[in-house]
Amino acid sequence: MPETAAGVEPHALIEAYYDAGWTDGLPVVPPTEASVAAMLAAAGLHGHEVLGEIPGRNTVVTADKVAINAVMAGCRPEYAPVVVAALRGLCRSEFAYHGPASSTGGSAMVLIVNGPIARRLEINSGNNALGQGHRANATIGRAVRLAMMNVMNTRPGFLDRATLGNPGKYAFCFAEHELDHPWQPFHTTRGFDPADSTVTVYASNSLYQVYNQLAAAPEPLLLCFADALGNLGSPNLKGFNESLLIVAGEHAEILRANGWSRRDVQQFLVEHTRRRVADLKRATRLPGPIGEADATMWRYVFEAPEDILIVCAGGRAGSWSACLPGWGKKWTRSVTERIKATR
């Protein structure tokens, strides 16, 4: 990629990057040797260090290429350790990058940041945590997508075959709200210490907001989650790879006040996220005529409580939460990477 040349107008460089196909559709920051070096230094890396590989694509991800894309995305240098950890996660074999990145399902790569670095970098975990307005959230997520396009060649119409895609493919990064959590932070469920900083990479097909203003007990509230996760248009009728629940303040307080553990929530959803076989056949999600037994036979979506990931984020007020069904069926698993901060 070219670096900024002395005397070249910024708008001309921006247009050159468009012409070269190096953008995500939005203007990028043209990198210079100094800005790339600052990004590498902040991550404690040398340019040609290998962060990971995507074997199915014969792709090697090196630090210099990731640093260039982080500059282009508008990242500050101190964001670099988060971007690097996320890219390492994408390269892990259990994430199985090629499937969620190339599928017609058009999954977004969701980044969930935990630990002290989230607060230090001011990654938003509160009001509008999944929306616009915070540089760290927007540019860290964008850096990962630009690296996917420019380093891993995951470009729309080529190795990215999404039928529709979703806006989360521009950037989808947020922090967990850990300060008044009903349980231990999410990364501790993955074997990390609360003092560790981590980023979890998760492939999500969609986001569906769940609203319930009247529930005062966990059961009716969680039935809303179960219905959203088990709707007739869900891509997988049995054995979702994983699904992510983002529980905001008012709903989290209901669970805390009633003494429900994370495991209680997971188990309830395993048992209640289901559809009658007759409903599935009526919607032609299953083949064959509707038989007498189909009216009372259930098809369950989840096979194990561990397939339901639960994090807390969002405003403390408002009766909203969200569910994000995962991509695929046991073909990809979310990955949590420790963030190696150097500053």
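Guide: Let us begin with a definition: two strands are taken to pair if DSSP finds at least two bridges between them. Please keep in mind that this is a predicted model.

Visitor: Which residue of β2 is the bridge partner of E53?

Guide: The partner of E53 is V60, in β2. The two strands concerned are β1, residues 50-54, and β2, residues 59-62; they run antiparallel and are joined by four bridges. The hairpin they form has four residues between the strands, and N58 has a positive phi near 55° there.

Visitor: In which sense do β3 and β5 pair, parallel or antiparallel?

Guide: Strand β3 (residues 108-114) and strand β5 (residues 198-204) are antiparallel and share seven bridges. Within this pair, M109 stands opposite A203 in β5.

Visitor: At what angle do the axes of α4 and α7 cross?

Guide: The axes of α4 (residues 80-90) and α7 (residues 135-150) cross at roughly 45° and come within 10 Å. That angle makes α4 oblique to α7. The crossing in which α4 passes α7 is right-handed. From α4, the contact is made by V82, V83, A86, L87 and L90; from α7, by I140, A143, V144, A147 and M148. By class, the residues of this contact of α4 with α7 comprise 10 nonpolar, no polar and no charged.

Visitor: What is the strand order of the open sheet that contains β6?

Guide: This open sheet has four strands in the order β6-β11-β7-β10, and its pairing is mixed. Its edge strands, β6 (208-211) and β10 (308-312), each pair on one side only. Here, strands β7 (residues 243-247) and β11 (residues 320-325) pair in the antiparallel sense over four bridges. S243 has P325 as its bridge partner in β11.

Visitor: Which strands does α8 lie across?

Guide: Helix α8, residues 218-229, lies across β6, β7 and β11 and runs at about 30° to β11. Helix α10, residues 262-272, lies across β7 and β10 and runs at about 135° to β10.

Visitor: Let us close with a single residue. Is S102 buried or exposed?

Guide: A residue counts as buried when its relative accessible area is under 20%. S102 has 11% relative accessibility and therefore counts as buried. S102 lies in helix α5, residues 98-102. Leaving aside residues up to four places away in sequence, S102 touches R57, L159, D160 and R161. The C-alpha atoms of S102 and G328 are separated by 11 Å, although these residues are 226 residues apart along the chain.

Technical notes
Residues are numbered from 1 along each chain as its sequence is written. This is a predicted model: local features need pLDDT of at least 70, side-chain atom pairs count only at pLDDT 80 or more; totals for chains, interfaces and linings use all residues. Side-chain values use heavy atoms; hydrogens and water are left out. Contact means heavy atoms within 4.5 Å. Axes are lines fitted to C-alpha atoms, for helices over the stretch in contact, and angles run from 0 to 180 degrees between N-to-C directions. Angles under 35 degrees count as roughly parallel, over 145 as roughly antiparallel, 65 to 115 as roughly perpendicular and the rest as oblique. A crossing is left-handed if the near helix is turned anticlockwise from the far one by less than a right angle, and right-handed if clockwise. Ala, Val, Leu, Ile, Met, Phe, Trp, Tyr, Cys and Pro count as nonpolar, Asp, Glu, Lys and Arg as charged, and the others, Gly among them, as polar. Buried means under 20% relative accessible area, exposed over 50%, partly exposed in between (1.4 Å probe, protein chains only).
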